[in-house]
Amino acid sequence: MNEEEKKPRKDTASAYRNAMEMEAKLRREEELRERARQAAEEEANYQAREEYARELAEEKVDLIRLKQGVITDSDKIFRDEGPARQYTIWQKIGNWFYHSKWWLGIASFIVLVAAFLIYDYVTREDPDLRMMLLSEHPTMYAESDQLCTWLEQYAEDWNGDGKISVGTVYIPVSKDTMEMSGNYSAAYNSQLLVQFQSATCMLVLADDASIAYLQPEDMFVNLEQLYPDCPYVNGWRLNLTDTKFASLWGLTEPLKDGSCLALRIPQEAMNSQEEADEAYACAKALLDRIVPLL
């Protein structure tokens, strides 16, 4: 490890801390909005009760005045205007649909959304392994399918669905994306936090710009213990700059400075220890087959 890597990074916000602070702020704003909504709703209910009580009082006054003969008519008191109208069965059905059209529309929308989600869940392909790409590299994102195709040659049917499939999760982590104002920064921070709290992606491709927002010593496995004879390994990093990784991938542009592969440590914060261990085993098996090719 060189001297620059040993120096503590100053004035660099932790992606975890940023994400948690942002989530806390959003929760606080949501709580304030909810309180305001409840206060407005209570005020509206209070006004409605007051109006109803006023109308009842006026009706009672008019009823007394009618009985005393002070007035002969009142628009506040409903009078019996004759026998109730008789409706046919089809008129009743049509009337019900007419008065229930809003509820029917909402129910239909919910049913359609539920059907879509169920169909998407049933038909969605679950990759045997996913790799996290944490480099702000548009070409890398655009050509990620080529990376998946190459990696599938060395993957296995780990999920037992009869297919071999590798996927990627792209999060453009850099100073521009993580510290810019607006909703995009919050979205990227939240996405990064969610991914590192799950066992979805145990194999990570990062660069110098993205590593500044991570805690690599606590997150990643020491690869020197796994691949002591590999010249490209330095601590937790498998350096890719001077390797054939980009050409094997078929990437049409160079990798960013300090690009490297890292293997995550299974942690208790993930889905479950069993799922984390399984995902780690799959990622390590794939990495075992990639290292000799570099």
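Does Tyr 154 count as buried, partly exposed or exposed, and at what relative accessibility? In this predicted model, Tyr 154 counts as partly exposed because its relative accessibility is 23%. Trp 150, by contrast, counts as buried, at 6% relative accessibility. The rings of Trp 150 and Tyr 154 form an edge-to-face aromatic pair, 6.0 Å centre to centre, with 75 degrees between the planes. Trp 150 also forms an edge-to-face pair with Phe 245, at 5.6 Å centre to centre and 80 degrees between the planes. This second pair links distant parts of the chain, with Trp 150 in helix H6 and Phe 245 in helix H12, 95 residues apart. Phe 245 has a relative accessible area of 0% and is therefore buried. Together with Trp 249, the residues Trp 150, Tyr 154 and Phe 245 form one aromatic cluster.

The average pLDDT is 79, and 80% of the residues score at least 70. Over residues 1–13 the pLDDT stays under 50, and the model has eleven contacts beyond four places in sequence for this segment.

Strand S1 (residues 129–133) pairs with two other strands. With strand S2 (residues 166–170) the pairing is parallel and runs over five bridges; Val 166 in S2 is the bridge partner of Leu 129. With strand S3 (residues 201–206) the pairing is also parallel, over four bridges, and Leu 203 in S3 is the bridge partner of Met 131. Four of the five residues of S1 are buried, so the strand is largely enclosed by the rest of the structure.

Helix H13 (residues 273–290) has 18 residues, which should span 26 Å at 1.5 Å a residue; the end C-alpha atoms are 25 Å apart, in agreement with that value. Its buried residues include Ala 276, Tyr 280, Cys 282, Leu 286, Leu 287 and Ile 290. Among the elements that cover the buried residues of H13 are S1, S3, helix H6 (144–152) and strand S6 (260–263).

The largest nonpolar core has 39 residues, of which Leu 205, Leu 238, Phe 245 and Leu 287 touch the most other members. S1, H6, S2, S3, helix H12 (245–249), S6 and H13 each supply at least two residues of this core, and H13 gives the most, with eight. Beyond its neighbours within four places in sequence, Leu 205 is in contact with residues including Met 131, Leu 133, Met 140, Leu 240, Phe 245, Trp 249 and Leu 261. A second, separate core of 19 residues includes Val 169, Ile 171, Phe 220 and Cys 260.

How values were computed. Residues are numbered from 1 along each chain as its sequence is written. This is a predicted model: local features need pLDDT of at least 70, side-chain atom pairs count only at pLDDT 80 or more; totals for chains, interfaces and linings use all residues. Side-chain values use heavy atoms; hydrogens and water are left out. pLDDT is the predictor's confidence in each residue, from 0 to 100. Contact means heavy atoms within 4.5 Å. Buried means under 20% relative accessible area, exposed over 50%, partly exposed in between (1.4 Å probe, protein chains only). Two strands pair if DSSP finds at least two bridges between them. The expected span of a helix is 1.5 Å times one less than its number of residues. A nonpolar core is a set of buried Ala, Val, Leu, Ile, Met, Phe, Trp, Tyr and Cys residues joined through side-chain atoms within 4.5 Å. Rings of Phe, Tyr and Trp (its six-membered ring) pair if their centres lie within 6.5 Å; planes under 30 degrees apart count as stacked, over 60 as edge-to-face and the rest as tilted.
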